[in-house]
Amino acid sequence: MTTATAPAPWRQLLIASRPVSWINTAFPFAAAYLLATGHVDLTLVIGTLYFLIPYNLTMYGVNDVFDYESDLRNPRKGGAEGALLDRGMHRRTLIASAVSSLPFLIYLVLVGSPLSWLVLAASVFAVLAYSVRGLRFKEIPFLDSATSSFHFSSPALYGLVLAGAVFTPQLWLALLAFFLWGVGSHAFGAVQDVVPDREGGIASIATVLGAARTTRFAIGAWALAGVCVLFTAWPGPLAAILAVPYILAAAPFWSVTDAQSSAANRGWRRFLWINYACGFLVTMLLIGYALR
């Protein structure tokens with residue numbers, strides 16, 4: 001007879017940091033900073049490493065700690081879509097996120113400006129406010145999607161501010177498009193959790209709007225993001241096409257009922273792969289922009 005054993009602590013921390021999503025926060029910072037400065041330096045390396053691992057461990061690990069009770073009822077948890085940490089790992093996870101982040105944050109504060117400190121503080125605050133008891137932005141419908149989107153768009157904003165970029169209307173439109181993409185992504189991700197969230201007493205954009213209307217909201221956000229980039233500098237308008245795969249992935253769930261909302265997980269899994277493909281294409285567009 002064999003007994004199941006919990007994964008090693010380091011493995012649980014790794015799973016909690018969601019390696020599949022590391023690139024989603026590190027790349028926006030690195031791309032924004034590199035395009036603004038035009039060169040590779042130590043600050044680029046330090047900032048990219050911070051947004052690659054410690055930032056994600058804080059964002060997802062803290063969420064796993066404070067969402068433990070509801071995650072027990074969610075069949076998606078326990079892998080790439082969300083860790084199910086042992087209770088004994090909760091304190092370790094919080095300590096690990098703080099200890100791993102602190103050296104990077106100290107460096108970034110030392111090399112930054114007061115404005116960059118403000119953006120960085122807002123980014124870290126949003127990561128914590130989404131999950132920690134007493135704030136729980138994730139349980140405030142619509143603010144949940146906005147906060148989640150800021151998790152991914154703020155590294156880009158921070159990279160630009162840290163590099164001293166000049167903010168033009170076109171740059172603001174590009175950032176708005178990125179923010180709208182994040183809003184749509186969070187909203188669609190919430191659709192699949194309507195039932196477990198309601199059973200756990202957790203409010204979200206999807207529990208308020210319902211599965212079908214939330215799916216339509218997500219599609220609208222992605223479409224509006226595509227419209228925004230049409231007014232950016234060439235080759236930015238080409239990025240409008242990248243909204244199409246996301247819309248197509250969610251479209252089959254346009255009328256999904258709340259009872260069948262878990263079926264949206266199929267679209268969400270496609271979404272994860274679409275991110276990689278679209279990320280590659282965005283990289284090509286950014287290279288094209290840099291070489292103009």
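These legends describe several views of one predicted model.

The model is predicted, and local features are described only where pLDDT is at least 70, side-chain atom pairs only at pLDDT 80 or more, while totals for chains, interfaces and linings use all residues. Residues are numbered from 1 along each chain as its sequence is written, and side-chain values use heavy atoms, with hydrogens and water left out.

**View 1. The chain contains 14 helices and 0 strands.** Helices (H or I, at least four residues) and strands (E, at least two) are DSSP runs, numbered from the N terminus. Of the 292 residues, 49% count as buried, where buried means under 20% relative accessible area, exposed over 50% and partly exposed in between, with a 1.4 Å probe and protein chains only.

**View 2. Asp-64 and Arg-18 join their side chains in a salt bridge, at 2.8 Å from N to O.** This pair links distant parts of the chain, with Asp-64 in helix α4 (residues 54-66) and Arg-18 in the loop between α1 (9-16) and α2, 46 residues apart. A salt bridge is a side-chain nitrogen of Lys or Arg within 4 Å of a carboxyl oxygen of Asp or Glu. Asp-64 is buried, at a relative accessible area of 1%, and Arg-18 also counts as buried, at 5%.

**View 3. Arg-198 forms a salt bridge with Asp-258, the closest N and O atoms being 2.8 Å apart.** Because Arg-198 lies in helix α10 (residues 194-199) and Asp-258 in the loop between α13 (243-250) and α14 (265-290), the pair ties together parts that are 60 residues apart in sequence. Arg-198 is partly exposed, with a relative accessible area of 40%, and Asp-258 is likewise partly exposed, at 26%.

**View 4. Glu-139 and Arg-136 meet through their side chains in a salt bridge, at 2.9 Å from N to O.** Glu-139 counts as partly exposed at 27% relative accessibility, whereas Arg-136 counts as buried at 12%.

**View 5. Leu-34, Val-40, Leu-42, Val-45 and Leu-49 form a nonpolar patch on the surface.** Patches are made of residues with over 30% relative accessible area and no salt bridge, like charges being joined within 9 Å and nonpolar side chains (Val, Leu, Ile, Met, Phe, Trp, Tyr) within 5 Å. Together the five residues have about 430 Å² of accessible area, computed by the Shrake-Rupley method with a 1.4 Å probe, and for residues only the protein chains shown count as cover. Helix α3 (residues 42-52) gives the most to this patch, with 3 residues, while Leu-34 lies in helix α2 (residues 22-37).
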